[in-house]
Amino acid sequence: MQAKIHFLHKDGKELPSSLKKQHIDFGKITIRYYQESPILFVGLATEKRELEAVKHLAANIRRAAVKEGFIGLDLPLDQFQASDEEIGAFFEGWYLAGYQFNKYKKNSTNMKVELNYHPDYQPLDQLGKTVAEAVATARDLCNEPARVLTPSHYADRLVQMFRATKVEVKIFSGEELQKHFPATNRVGEGSAHSPRVAILTLANGGSQSIGLVGKGVTFDTGGISLKTGSDIVDMKMDMGGSAAVVGAVKLAADLDLPVNVTAILPLTENIPGSRAYLPSDVIVYKDGTTVEVGNTDAEGRLILADGLLYAQSIGADVIIDIATLTGSIGNALGLKVAGIFCNQSLSIETCQEISRKSGDSIWPMPLVDDYASLLASPTADLKNVGKSPYGGAVIAAEFLKHFISPKHKWYHIDMANTVTPFEENGYYSKGAAGFGVRLLAELIKQEEGI
Ligand code: BES
Ligand code: ZN
Ligand code: ZN
């Protein structure tokens, strides 16, 4: 059945007799039938319309339509009285809500609903759809079981995904990987599924070279320092940082952004086995830095350091890494807001604006150089874990900072707490949130002044 949307604004003057004042509240959706013709009344009364609220509103309209069995909706966008940014957000929320990871399900809900609207809005529809598809790419990678998404399978998917696009893909494996990415090689040694490092290059103009590094641990058991506890299934999403980078590169390419981006994705399992790396091992990095392994569960920082050194060796001006790095970041910020560290000044206002535009929330975290002493090792230049039980996310950031020369502008995003959604509602469904795709795209745009 085909249905119509009718937006209700502040004064409620146009309210049909069967509706009351509260039906105009923002986000309220009420369905009424007039001689078999359904109308979805959508409340829009509010002082301030946040982009996130518009995205969730669109998602809730889609869910309501699916529930009622509507196959099409007339969307009166003029009556919506919204800016282009808000209409773009509406489409983005609409498409994000259509996401399902149902490849392993016998039965699943059909989320298909056709939107009919004035063709003038086509470009905004296309933009929202492109953004949602990039987020869906990251969600798909995160939701895939770890035995399917092994490092080599992940690498194959990337080759496939970027075939016939402007993005070049190079995959490191075997001896070449061992030479350039020694820590990734060591972390992966316990697994029958050997590691890979994927390099994605999008050379599409832009004033500077941007290096993106994403943690791609396809399953984190903790290794010999084995994890305990029941939530270990979520560790299939320990490649969420790399998935965010993949989505962001796809988005930059699909939108034809004039940027010069190189993504470095160390892909590995972290699992115990007779060949697994051990606490007490010393890893020798490409630049000669040595690291003593204090705990094999602090593997993310080890492989990211490989990526950071590589990004510098190829001359990246700005380096952004993103990772499901520490449980500690969730203790600091809860389950909605990721932490961002920067070796140059980064204001709260900038973080708020990036969060508002992208929908992925971030808050600035401090680099505290005094804590670097906690990473001292009796054997090597530093250890991969700190002596203190406090401030684990900051200590991890200090570990990474050790590998960054101050000539480079560097951002580090710890998203361990946001890889799955804070709440499964609106445009978020069960499983991965697809966090970081829109955030990275926004950060890149900001760095390039786009
Ligand atoms: N992958 C985990 C971090 C994580 C925790 C991601 C919870 C998602 C949800 C990381 O590799 C890890 O195990 N970190 C340890 C570090 C510790 C051993 C210093 C942690 O945060 O407990
Ligand atoms: Zn770990
Ligand atoms: Zn991990």
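Q: What makes the pairing of Lys227 with an oxygen atom of ligand 1 a polar contact?
A: In this predicted model, a polar side-chain atom of Lys227 lies 2.8 Å from an oxygen atom of ligand 1. A polar contact is a pair of N or O atoms within 3.5 Å (within protein, one must be able to donate a hydrogen and the other to accept it, and residues adjacent in sequence count only if both atoms are side-chain atoms), so the pair qualifies.

Q: Which atom of Asp297 lies 2.8 Å from an oxygen atom of ligand 1?
A: A polar side-chain atom of Asp297 lies at that distance. For Gly327, a polar backbone atom is 2.8 Å from an oxygen atom of the ligand.

Q: How many residues surround ligand 1?
A: There are 15, and the closest are Asp220, Lys227, Asp238, Asp297 and Gly327. A residue is counted if one of its heavy atoms lies within 4 Å of the ligand.

Residues are numbered from 1 along each chain as its sequence is written, and chains are lettered from A and ligands numbered from 1 in the order in which they are written. Local features need pLDDT of at least 70, side-chain atom pairs count only at pLDDT 80 or more, totals for chains, interfaces and linings use all residues, and side-chain values use heavy atoms, leaving out hydrogens and water.

Q: Why are H8 and H13 called oblique to each other?
A: The axes of helix H8 (residues 240–254) and helix H13 (residues 437–448) cross at roughly 55° and come within 8 Å. Under 35 degrees counts as roughly parallel, over 145 as roughly antiparallel, 65 to 115 as roughly perpendicular and the rest as oblique; H8 and H13 are therefore oblique.

Q: Which residues of H8 and H13 meet?
A: Ala243, Ala244, Val245, Gly247, Ala248 and Leu251 in H8 meet Val437, Leu440 and Ala441 in H13, contact meaning heavy atoms within 4.5 Å. These residues divide into 8 nonpolar, 1 polar and no charged.

Q: Why are H4 and H8 called roughly antiparallel?
A: Helix H4 (residues 122–143) packs on H8 at an angle of about 155°, with the axes 8 Å apart. H4 and H8 are therefore roughly antiparallel to each other.

Q: How many nonpolar, polar and charged residues has the contact of H4 with H8?
A: This contact has 9 nonpolar, 4 polar and 3 charged residues. Among the residues that meet are Glu133 in H4 and Lys250 and Asp254 in H8.

Conventions:
Axes fitted to C-alpha atoms, helices over the stretch in contact; angles between N-to-C directions. Helix = DSSP H or I, 4+ residues; strand = E, 2+ residues; numbered from the N terminus. Nonpolar A, V, L, I, M, F, W, Y, C, P; charged D, E, K, R; others polar.
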